[in-house]
Amino acid sequence: MALSLGFHIVFAEIGIAMPVLMVLAEWRWRRTGDHVYYQLAKRWAKGTAVLFAVGAVSGTVLSFELGLLWPEFMRVAGPIIGIPFSLEGFAFFTEAIFLGVYLYGWDRITPRAHLLAGLIVAASGAASAIFVVMVNAWMNTPAGLVISAGRITHIDPIAGMFNPSTGQQVLHMLLAAYAATGLAVGGVHAAMLLRRPGSAFHRRALTVALIIGAPAALFQPISGDISARTVAKWQPIKLAALEGQFETETGAPLKIGGVPDPTAAVTRYAIEIPRGLSLLAFHDPNAEVRGLTAFPRDQWPPVAAVHIAFQIMIATGSAMALVSAWAAVVALRRRDIVQSRWWLRALAVITPFGFIATEAGWTVTEVGRQPWVISGMLRTADAVTPMPGLAVPLALFALLYLGLGAIVAVLIRSLIRETA
Amino acid sequence: MIDLATLGLPEAIAAIIAIALNAYVLTGGADFGGGLWDLFASGPRRTLQRELIAHSIGPIWEANHVWLIVVVVLLFSAFPAAFSTLGIVLHIPITIMLIGIVLRGSAFVFRSYGSRDGAAQMRWGLAFAIGSIVTPVVLGSIVGAIANGAVSEAADRVGTGTFMAVFVSPWLAAFPIVVGLFALGLFAFLAATYLTVEASDDALRDDFRRRALIMASIVFALAAAALVIAGSAAPRLAARVIRVPLLQAATVASALTAVVTLWMRRYRAARVAAAAQVSLILWGWLLAQYPYVIPPALSIRDTAAPAVTLKLLVVGVGIGAAVLLPSLRYLFGAFRRRTGET
């Protein structure tokens with residue numbers, strides 16, 4: 001399950017952000033008549049099509065897999081999360097329809113209609129993401145149901161959709177999608193520009209990609225701060241795990257790096273910034289941060305994995321924000337950033353960072369919630385299907401996804417090559 | 001046989017799911033059929049046949065495919081207990097079906113966007129065709145296993161029965177497999193009939209006319225086989241199917257109309273008749289097992305989610321339909337104009 005999701009999330013991100021790039025390029029073309037933008041829009045549309053198709057099938061797999069792997073989860077959660085999932089289904093449907101119109105309609109419908117179709121693709125892509133993240137947020141901080149004597153007696157799906165985590169998680173995910181995809185596309189074209197300076201195609205591609213990616217990467221740390229505070233309030237165990245915080249402390253330090261050792265209940269080799277954690281999580285340098293030892297041992301998530309994933313997310317995310325800030329400063333001084341070969345190199349290096357950060361962030365929120373599939377309500381072990389031999393389908397899907405991923409990579413490479 | 005006074009919200013959602021399933025069968029099902037004809041493309045116009053199939057499926061298969069997602073999502077939202085049972089007992093066939101769907105969808109895209117060299121095209125073509133054939137057979141066998149009560153029986157034995165008894169034999173038995181083949185035949189028939197309308201020249205049209213007629217006879221044979229086996233393997237279902245005589249009569253009538261119109265080269269009429277035939281067969285099955293989602297134990301009422309969820313779902317479906325139906329019309333409209341149809 002985690003595997004399918006981990007695979008799907010990358011395609012979903014590209015599926016959210018790529019249409020925006022493609023529409024922006026087409027709009028520039030229609031406005032300026034500059035043919036390079038037309039080529040760009042066409043090329044990006046092709047990439048979008050491949051990735052959307054793979055995203056579509058991996059999404060189908062997911063909708064079934066929930067029931068296949070976690071039937072008990074679906075029995076409990078279906079009535080609540082079914083609503084956002086249904087809405088997601090419709091948003092996805094809309095996206096599929098208008099992507100069809102967009103891809104095959106270049107010369108069949110009016111320019112205005114075509115551009116509008118692209119916009120609808122972009123908007124419905126974002127809408128699907130919102131609905132899906134609502135479900136995940138609900139798993140983290142379930143709301144909208146009353147349990148008495150072990151039975152669910154009252155449910156309120158609307159309250160479930162707008163649970164305490166929804167706002168920040170949606171914001172964080174959308175920004176992640178735009179930042180990761182924008183900077184990855186920018187990075188690819190930056191690498192091309194290093195090889196062939198002065199190519200008008202790559203120059204323009206880079207500019208459009210940056211318009212989407214850079215602001216998102218710059219705002220992401222702020223959204224991360226909001227997320228951290230929400231987690232601190234609602235999921236203290238997760239916060240403790242991702243910070244590798246074992247003891248309850250007032251004025252807790254922020255640990256950078258380090259290896260948590262759950263048996264000894266210490267995090268070794270970390271650089272500590274005094275009072276940093278209390279300040280970040282509660283905006284108060286003296287706030288008390290509850291450590292893992294304040295909670296029963298059987299409710300701890302795998303601390304080392306969560307802490308390290310969190311560090312990776314922060315590191316890659318910061319690198320992205322820095323490169324974006326560099327571009328912003330140069331742009332504000334009205335210089336041409338594309339002239340700076342060092343900046344191009346930096347951008348090329350961070351091409352995959354957005355996706356690495358996404359996977360790491362996903363690990364933080366999912367592994368950080370273990371042993372629960374629904375926080376405090378349903379343990380993952382109780383939700384899983386009674387069918388024996390689960391390793392077989394897992395291995396099968398792993399193989400399938402590996403194959404698909406490799407093929408997509410080859411295809412995208414050949415698409416990029418064509419332009420070089 | 002259906003008492004109108006007992007109908008309520010759960011039945012309304014069940015009907016919506018049935019409609020979405022019907023849409024999937026008519027659109028996505030035909031796409032699967034297209035895959036079969038891609039594999040069996042033959043004769044002097046082999047390449048033209050393949051091109052026509054790719055051209056007809058290209059712009060719309062993703063949208064067609066989403067109907068299945070709609071069915072699944074509505075099923076687990078509205079009837080979570082039923083979905084959970086299906087997920088446990090039918091884990092293996094659903095997994096096979098998913099792999100088929102993944103293979104098929106990605107192969108199709110890779111074939112159209114990937115390298116143009118012959119070997120790669122062949123490989124993807126093969127993956128596309130295999131996915132297109134395996135998936136409907138498994139889908140049909142899932143239906144068969146639900147309909148004859150095997151799923152329900154197996155669900156009672158989870159934890160006590162053997163692995164084979166609970167997870168394999170419900171769907172890997174004569175009746176479900178025949179239903180699976182029947183589904184594949186129907187989809188292939190549907191696809192060939194659609195393609196007679198899509199084809200732009202007469203020779204190509206005749207190719208698919210011949211294929212549709214051959215497939216029609218295979219479908220009749222499979223239907224007969226399914227009925228014979230059902231007498232012993234699914235007696236309850238067989239008895240119930242006979243209880244809706246009007247529907248069965250309409251099914252037979254539309255099947256005959258489809259064949260006759262194909263014979264007379266009235267392709268547009270044939271398309272309508274074939275679609276009606278396939279839809280009626282689907283509804284024949286659904287009405288036969290009404291009011292059960294998984295007969296003979298789990299009924300629509302037993303497995304329905306709380307009313308508040310169902311109400312919201314109806315609202316959601318309403319909004320969805322208001323956005324989707326005009327969009328779909330636009331999609332199909334935009335591409336029909338080009339092929340010169342009205």
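## About the model

Residues are numbered from 1 along each chain as its sequence is written, with chains lettered from A and ligands numbered from 1 in the order in which they are written. Because the model is predicted, local features need pLDDT of at least 70 and side-chain atom pairs count only at pLDDT 80 or more, while totals for chains, interfaces and linings use all residues.

## A helix pair in chain B

Let's start with α12(B), residues 245-263, and α13(B), residues 267-289, whose axes lie 8 Å apart at an angle of about 155 degrees. Helices here are DSSP runs of H or I with at least four residues, strands are runs of E with at least two, and both are numbered from the N terminus. Axes are lines fitted to C-alpha atoms, for helices over the stretch in contact, and angles run from 0 to 180 degrees between N-to-C directions. The two helices are therefore roughly antiparallel (under 35 degrees is roughly parallel, over 145 roughly antiparallel, 65 to 115 roughly perpendicular, the rest oblique).

Among the α12(B) residues that meet α13(B) are L247(B), A250(B) and L262(B), and the α13(B) side includes A269(B), L280(B) and W283(B). Contact means C-beta atoms, placed from the backbone, within 7 Å. The contact residues divide into 14 nonpolar, 7 polar and no charged (Ala, Val, Leu, Ile, Met, Phe, Trp, Tyr, Cys and Pro are nonpolar; Asp, Glu, Lys and Arg charged; the others, Gly among them, polar).

## Where the chains meet

Chain B gives 59 residues to the contact and chain A gives 53. On the side of chain B that touches chain A, the largest share, 16 residues, comes from α15(B). By class, that side has 40 nonpolar, 16 polar and 3 charged residues.

## The nonpolar core

The largest nonpolar core holds 263 residues, and L21(A), A25(A), V71(B), L74(B), V151(B) and F189(B) have the most contacts inside it. Such a core joins buried Ala, Val, Leu, Ile, Met, Phe, Trp, Tyr and Cys residues through C-beta atoms within 7 Å. Helix α3 of chain A (residues 71-104) gives the most, with 20 residues.

## Two loop residues with positive phi

H283(A) has a phi near 55 degrees and sits in the loop between α9 and β8 of chain A. H283(A) counts as exposed because it has 11 C-beta neighbours inside 10 Å (20 or more is buried, 12 or fewer exposed, in between partly exposed).

R265(B), in the loop between α12 and α13 of chain B, has a positive phi of about 60 degrees although it is not a glycine. With 13 C-beta neighbours inside 10 Å, R265(B) counts as partly exposed.

Notes
Two residues are in contact if their C-beta atoms, placed from the backbone, lie within 7 Å.
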